[in-house]
Amino acid sequence: MIFGHFLLGVNEANAFILGCEETKEAWLIDAGEYDPRFGRFLDKYGLTLTGILVTHGHWDHTDGLAECVAAFKAKVYSNLDTMAGVASTQLGHGDVIHIGRIEGHIVETPGHTPDGISLIVPGMVFTGDALFNGSVGGTGTPADHDRQLQAIRDHIFSLPVETQVHVGHGPSTTVGIEKQYNPFFV
Amino acid sequence: MQESDRIADVEQGPEQRAHPEWQPGADLSGQQLDGLDLSGMRLSGANLRGVHLQSANLKGTWLDGANLTGANLAGADLQFAVLGGAILDGASFAGANMHSVNLVGARGTRVDFSKANLYYARPGNAVLHECIFRQANIQRAIFRRADLRGSDFTGAQGQANFDRANKEGVRE
């Protein structure tokens, strides 16, 4: 698996590229802006971007979506059928995706937004703004907060402790670190 | 890989697996690794006691649960490195770039963060007694519930979040 992390200029948001070493297919995870480094990273590893997964529909994760689609001719995947004005293949809980030979599983992690999803691939999970290092994403109501924490407990904290957690803002972490130290859970 | 070749902030490609001896749980204690590129590597739980990593490239390196007692990482690039739950007693990060570093639950006494860039760093729930943050950049760092007893923040720059942190005896 080939992995790239990009700190974007928009609201300190993160974006990631995951690539299959065998088939050279790759997906972008979140597109807060179009960053020319995406293309250079793909070229460096000989990858072709075939998909863009949007973890949730906030501007700092979608503002570059249309430009990325135009640049890479990649399909968009999210929890909605239209994401930031771009046609999207709708993914829901339990759906399986393939990035070349990398199998990914979608889990719904709503709360920060109703459409929040996380992507689980071998050894990694991408949580968008549901879970951060030492924190969680903001929510509008106590019910949304509870829903978000429960989804994290059920679908993220059930993964092996060494699983890398790649988040929408800030540093990456592991399931083990967050289970032991995240003040929203301990 | 040279820094100038880097495209993403953190990369994990085939080159990160080029050193099979550098793996989670590895024993690199006391080694002279100044200036080396260990970016993106997984060294979780490694024994790095007394290791010399001055000015090393540790961007996005996984050091969670590692033992860095007495290690010298002065001037190192630790942006987005993961040091959650690491042991840092007596380690030096003086002048290091620790932008967006994960320090959640890290533990250490007399750790030197003087003049380090801790912008957007996450030391929540860390236990950092008598540590030196003199002239560090702590803008947007989140020390939520950290135990910072006896630490020295003299001349530190920026606004950090100290929500429910223990600042007993802290100098500012």
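The largest cavity in this predicted model has a volume of about 70 Å³, and it is one of four cavities of 30 Å³ or more. Its lining draws on both chains, with residues that include Phe3(A) and His5(A) from chain A and Trp62(B) and Phe80(B) from chain B. Chain A and chain B bury about 2700 Å² between them, and His5(A), which lines the largest cavity, is also among the three residues that supply 21% of the area chain A buries against chain B.

**Cavities**

- On the chain A side, the largest cavity is lined by Phe3(A), His5(A), Phe16(A), His166(A) and Ser172(A), while chain B contributes Val10(B), Gln12(B), Gly60(B), Trp62(B), Phe80(B) and Val82(B).
- Two elements give two or more residues each to this lining, namely β1 (2-7) of chain A and β1 (10-12) of chain B.
- By residue class, the lining of the largest cavity holds six nonpolar and five polar residues, with no charged residue among them.
- In the lining of the second largest cavity, seven residues are polar, two are nonpolar and one is charged.

**Interface of chain A and chain B**

- Contact between the chains involves 34 residues of chain A and 32 residues of chain B, and of the roughly stated buried area of about 2700 Å², 53% lies on carbon and sulfur atoms.
- His5(A), Glu12(A) and Tyr181(A) together account for 21% of the area that chain A buries against chain B, which is more than any other three residues supply.
- Three salt bridges are counted between the two chains, including one in which the side chain of Glu12(A) meets that of Arg140(B) at 3.0 Å, N to O.
- On the side of chain A that touches chain B, the elements giving two or more residues are β1, α1 (36-45), β15 (164-167), β16 (173-174) and α5 (175-181) of chain A, and the largest share, six residues, comes from β1(A).
- That side of chain A divides into 15 nonpolar, 13 polar and six charged residues.

**Second largest pocket**

- The second largest pocket, with a volume of about 160 Å³, is lined by Asn11(A), Asp60(A), Asp129(A), Phe132(A) and His169(A) from chain A and by Tyr120(B), Arg122(B), Arg140(B) and Ile142(B) from chain B.
- Four of the residues lining the second largest pocket are charged, three are nonpolar and two are polar.

Terms used:
Residues are numbered from 1 along each chain as its sequence is written. Chains are lettered from A and ligands numbered from 1 in the order in which they are written. This is a predicted model: local features need pLDDT of at least 70, side-chain atom pairs count only at pLDDT 80 or more; totals for chains, interfaces and linings use all residues. Side-chain values use heavy atoms; hydrogens and water are left out. On a 1 Å grid over the protein atoms alone, a cavity is a set of points where a 1.4 Å probe fits but cannot get out, and a pocket is an open set with protein on both sides within 12 Å along at least five of seven lines; lining residues have an atom within 4 Å of a point. Grid points are joined across faces, edges and corners, and a volume is the space filled by probe spheres set on the points. Helices (H or I, at least four residues) and strands (E, at least two) are DSSP runs, numbered from the N terminus. Ala, Val, Leu, Ile, Met, Phe, Trp, Tyr, Cys and Pro count as nonpolar, Asp, Glu, Lys and Arg as charged, and the others, Gly among them, as polar. Contact means heavy atoms within 4.5 Å. Buried area is the accessible area (1.4 Å probe) that two parts lose on being put together, summed over both. A salt bridge is a side-chain nitrogen of Lys or Arg within 4 Å of a carboxyl oxygen of Asp or Glu.
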